[in-house]
Amino acid sequence: MTDLHWMTAAAAAKAIASRELSPVELTAALLARIERLDPRLNAFIRIDGEAAMAAARTAEAEIAAGRSRGPLHGVPVGVKDIIDVAGLPTTCHSRILADSLATSDAVCVSKLRGAGAIVLGKLSTHEFAIGGPSHDLPWPPARNPWNTDHHPGGSSSGSGSGVAAGLFPMALGSDTGGSVRNPASCCGIVGLKPTYGLVSRRGVFPLSFTLDHIGPMTRTVADNALMLEVLAGHDVHDPGSAAVVSGHYSAGVDRDVRGLRVGFVRHFHEIDMPADPEVTAALAHVARTLQLEGAEIRDVHLPTLEEFGAVNRVILQSEAWAIHAPWLRERPGDYGQLARRRLMAGAFFGAGDYVQAQRRRLEMIAIVEETLRDVDVLLCASSMDPACRIDSPADIERTYPRQARTPFNVTGHPAIAMLAGVSAGGLPLSVQFVGRYFDEATLFQVARGWERASGSDKKHPAIV
Amino acid sequence: MDKQMMELLARRAGLDKALAEHPEDVAAAAKQAADVARKIKAPADPRAEPWPPMRPGSGL
């Protein structure tokens, strides 16, 4: 059997269901690994070991009695600490909410538990999912398991770090300007921002109402599809929830890519924000590989990254200001400096700025929709650079905006980021695929096509 | 945005305490906002609608 810590969620669920593996054994092995590695990674804000072991024992008894809860029965999961887990604080990695206790599970957590998953604890984030890797908060920032001197990306930093390090096979993240896909890119795992409204946001602390998405983070495409299958679905109590029938994403994951039309958005990384040469080479390699697998690659053009980024920032910071204004007025010193600066920016936009950004947003949606009428998926950069050092505020400030993720928060299209290669310095390089609304199935098909051809799911950091 | 305008807007937004305790952060926030807002291209068509549209009868 594979080392337990590198076992995929699907393989673990299968072994548990057939009673070849005990959920108690799996949970205990992961908790032991967490105890050993987390002091170097800081992926966790709170480890809920006792509750996890109790849940594992219950799962074991249920399975022994022939009762299956669902496709993730007995499989551990980590939860970003802006997402409510009943009985635990939702701190948002901030002094502001350090004592805030959740009384019920967020819908996404409730669905995972309903499918049998075991919550291991709450994971580090950038403060309120916006700040950055801050050293002036009550908990340290998470670190990258490929090299702990480097940033793991964010804001779902603990989720990315922990999945990549084999602390858990799957995690929940949130994505408002790229916060699932950034850590997926920096840590070399698979991170999906689903179509806006496909996964309920109820019970998740908001950053920006019209840009927030909840997404699965895993080491393989198949696990990501499995997790989305559990998470997706209409929620009448989430005003942004889409009234669509969610798909069966796992079934078609292994279809080959022959005949699929892939639009390559080269200008993002060649003109708008010239990428590190290793990233450029990796993206060209992904395109060539998909072509060899039978996909048709053609160049497509979208608005510039600068313009997408500006629309994202105006909307995000205006909506975030509406949420944070009372605390920023009364307790500005309780925020870390990075979050304080970013959140206060919303105070300086006018109503007209916000409405103009939303008008331009509709035009951008129309352009992406038009493009996706001629191709099945888009291929583009995610991060323009490998992860920078975590102790260099100047490098973080320089590299953080060098990305192509925000366009798809603005438009709401589903987007997946994953490993495209490894740099000469031993850090992950990334690629992003983007699909039509609610067509996550085709997105998984292409992502799996690349994963199968490249063996990206077999590459792990050497951390022990 | 000059300092006087920045302070006026900050006070209008109720950020007096932040201005007193973290003046460099308020100034940095104001600069971020000014830099970003000028990059938005207003739609050429005056009839262009914002997203999301009002949808009576749907949702809650």
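Me: Where in chain A is the place of A:F438?

Reply: This is a predicted model, in which local features need pLDDT of at least 70, side-chain atom pairs count only at pLDDT 80 or more, and totals for chains, interfaces and linings use all residues. Residues are numbered from 1 along each chain as its sequence is written, while chains are lettered from A and ligands numbered from 1 in the order in which they are written. Helices (H or I, at least four residues) and strands (E, at least two) are DSSP runs, numbered from the N terminus. On that basis, A:F438 is placed in the loop between β11 (428-435) and α15 (440-454) of chain A.

Me: What is the phi of A:F438?

Reply: Most residues other than glycine have a negative phi. A:F438 is not a glycine, yet its phi is positive, near 60 degrees.

Me: Which is A:H93, buried or exposed?

Reply: A residue is buried if 20 or more other C-beta atoms, placed from the backbone, lie within 10 Å of its own, exposed if 12 or fewer do, and partly exposed in between. A:H93, in the loop between β2 (76-80) and α4 (107-114) of chain A, has 33 C-beta neighbours inside 10 Å. A:H93 therefore counts as buried.

Me: At what angle do the axes of α10 and α11 of chain A cross?

Reply: Axes are lines fitted to C-alpha atoms, for helices over the stretch in contact, and angles run from 0 to 180 degrees between N-to-C directions. The axes of α10 (residues 305-330) and α11 (residues 337-344) of chain A come within 8 Å. Their crossing angle is roughly 115 degrees.

Me: Which element gives the most to the side of chain A that touches chain B?

Reply: Two residues are in contact if their C-beta atoms, placed from the backbone, lie within 7 Å; 32 residues of chain A are in contact with 31 residues of chain B. Two or more residues each come from α10, α11 and α12 (351-374) of chain A. The element giving the most, with eleven residues, is α12(A).

Me: What pattern does chain B follow along the sequence?

Reply: Chain B has three helices and zero strands. Read along the sequence, the pattern is α-α-α.
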